[in-house]
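Colleague: Could we go through this structure together? I would like to begin with the sheets and then turn to the helices.

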Amino acid sequence: MTTTQPDVTDIVVVGAGFAGIYMVHKAHELGLNVIGVERGGGVGGTWYWNRYPGLRCDVESLDYSYSFNEEIQQEWVWTEKFPAQPDILAYLEFVATKLDINKDFRFDTEVTGATWNESTQRWSVATTAGTIDTKYVVWGTGMLSIPKIPNIPGMDSFEGELLNPATWPQEPVSFAGKKVAVLGTGSTGIQVIPIVAETAEHLYVLQRTPSFSLPAHNASLTPERVAEVKAHYKEYRAEARTQMLGCVTETRGEPFEVMGPELARAELERNYNYGSPMRFASAIVDTVASEEANNFTASFAREKIRERIADPALAEKLMPDHFITTRRLCIDTDYYETYNRDNVTLVDLRDEELLSLTPKGFRTAAGEYEVDMFILATGFDGVTGAISRIDVRGKDGVSLSAKWKEAPASYMGLSVAGFPNTFVVTGPGCPAPLSNVVLSIEIHIEWIANMIKKLEADGVSTFEPTAAAEQEWTDHVNAVSDSTLMRFSNSWYVGANVEGKARVNLVYMGGVAPYEAELQDVANNNYRGFELIH
Ligand code: NA7
């Protein structure tokens, strides 16, 4: 009998999205051996799988890109204010080629488990293409990579096309002449709905919770704007790094009380006209913290929504009633105007509960609807979803998904007690979900690489955060969150969208710049909170 020997390396990087690409590059810089593992057929991560028409990032392209390499940021040309999925994918392919990291990835390969070996003090990573023995594992599995598929009775019986935006077919999908249903009105639904309506015979939008959405005012980037940013890109990026959301917002940085209603309204108007959720959310600095500021911002946003919908009764059904920014603040192109079309019907699931899918369509408490296509824009098992589906076993065989079932805790949003020599990029308890996530990823990868460099230089064989440090950070994340209106959130930011998932504050609300300062403080104090074993 022959046994296959595991491959041996220094670092395994899981995922070839923004995090994985940069981490493999960093491993090269550190002179360490690295193996990347990616279940997709190429780089891109969530931008590889999500391909539905209308998909764009809601962070501007000049921000939503790597800042660490001057050559890349000068050479790549963004053409639109908000980048479309094909452009982001092409950008990541360009970066991967430029950094020569494709050769280090095993594509079409899934990580199925990872086990900490007490005797060797190393990880054994099980993949669909063999086992890898490694000192470190860096999880770059993404915050929004596992779609949440709702358990609707009769789903198997539906004879039409059942599609999920997060695993959209690579070949074009036609809506022409079809009756289509879209379930879900978060960012995904809001982006796909206007596109479907353009050619579908009829579109039914199934809404349970209305979102706040603002016009994106997307447009081609003028060569002048690109040249202006590129001439001072270093300074532009440096400024982004001083901000709460990790991108330039030109906020006055004043709370509602200081601004007063007149100035506050003018600032909301200015940012609304600019078209950017990051800027609009930052216009009044305490929108997410103060009820008064939030109500003011939300009233303004509701007024704007009303102006876009011809039928006032329909407008009221589309009116969000949560604290603005405690669920994703969306941007759109013609989302509300789509409801003014004759071929679009809103099915308000608060009035008529969705009971089931049927062979020919779907049934609500009000009756049966026939459709040829049903699109599940029902979101993701955010932040912890991907890694929790992998059988990760730390010290004493403890399973990470079991540990996280009750409360997904981490130290500093990137490491977990009981799981040595491991980093979870943009894990629970960091500001990434409410930030320019590319910058949040860069902050994590650079910090991780610096830590590995120091540990290697000092001859440290293992590290892990202490349980006390993890608890202290988790308490801090909760205290900051609870001091904001996020305590009322009912979204993936707090795990509330997935049945049975623990409701916890997955987002650190302290802001990107203060968070980076806290990370630096940990590093400067000899990695305070970590146990380092030589
Ligand atoms: P979201 O923002 O989680 O939105 C999912 C939508 O699907 C939301 O309107 C949900 O309503 C709805 N939904 C989910 N399950 C159901 C069931 N079972 N019945 C009815 N409606 C349902 O996901 P997106 O993909 O749109 O956006 C995710 C992130 O991607 C976004 O935040 C950006 O960061 C990019 P509910 O709220 O549950 O009532």
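Modeller: A definition comes first: two strands pair if DSSP finds at least two bridges between them. Helices (H or I, at least four residues) and strands (E, at least two) are DSSP runs, numbered from the N terminus. This is a predicted model, in which local features need pLDDT of at least 70, side-chain atom pairs count only at pLDDT 80 or more, and totals for chains, interfaces and linings use all residues. Residues are numbered from 1 along each chain as its sequence is written, and side-chain values use heavy atoms, with hydrogens and water left out.

Colleague: Understood. What is the strand order in the open sheet of 5 strands?

Modeller: The order is β7-β16-β8-β9-β12, and the pairing is parallel. At the edges are β7 (161-163) and β12 (344-348), each of which pairs on one side only. On average, neighbouring strands of this sheet are turned by 15° against each other, direction ignored. Such angles run from 0 to 180 degrees between N-to-C directions, and the axes are lines fitted to C-alpha atoms, for helices over the stretch in contact.

Colleague: How many bridges join β8 to β16?

Modeller: Strand β8 (residues 179-183) and strand β16 (residues 373-376) run parallel and are joined by 4 bridges. Within that pair, V182 stands opposite I375 in β16.

Colleague: And which strands form the open sheet with antiparallel pairing?

Modeller: That sheet has 3 strands in the order β13-β14-β15. Its edge strands are β13 (354-358) and β15 (367-370), each pairing on one side only. From one strand to the next, the twist averages 20°. Strand β14 (residues 361-364) is linked to β15 by 4 bridges in the antiparallel sense, and R363 has E368 in β15 as its bridge partner.

Colleague: Moving to β4, what does it pair with?

Modeller: Strand β4 (residues 111-117) pairs with strand β5 (residues 122-127) in the antiparallel sense over 6 bridges. A114 stands opposite V125 in β5. The two strands form a hairpin with 4 residues between them, and Q121 in the turn has a positive phi of about 55°. β4 is also joined by 3 bridges to strand β17 (residues 391-393), and those two run parallel. There, T115 has R393 in β17 as its bridge partner.

Colleague: Which other residue has a positive phi although it is not a glycine, and where is it found?

Modeller: One of them is M412, with a positive phi of about 60°. M412 is found in the loop between α14 (400-406) and β18 (422-424). With a relative accessible area of 2%, M412 is buried; buried means under 20% relative accessible area, exposed over 50%, and partly exposed in between (1.4 Å probe, protein chains only). N526 has a positive phi as well, of about 50°, and is not a glycine. N526 is found in the loop between α17 and β20 (530-533).

Colleague: Now the helices. Which residues of α7 are buried?

Modeller: In helix α7 (residues 233-240), the buried residues are Y233, Y236, R237 and A240. They line one face of the helix, because they fall within an arc of 95° when seen down its axis. The arc is that of the directions from the helix axis to the C-beta atoms. K234 and E235, on the other side of α7, are exposed.

Colleague: What covers the buried residues of α7?

Modeller: The cover includes α3 (70-75), α6 (223-231) and α15 (437-458).

Colleague: How do α15 and α17 pack?

Modeller: α15 and helix α17 (residues 512-524) pack at an angle of about 5°, with their axes 11 Å apart. They are therefore roughly parallel to each other; angles under 35 degrees count as roughly parallel, over 145 as roughly antiparallel, 65 to 115 as roughly perpendicular and the rest as oblique. Contact means heavy atoms within 4.5 Å. Among the residues making it are I443 and W447 of α15 and Y515 and L519 of α17.

Colleague: Last topic: is E267 buried or exposed?

Modeller: E267, in helix α8 (residues 256-274), counts as buried at 8% relative accessibility. Not counting residues up to four places away in sequence, E267 touches R252, M259 and A283.
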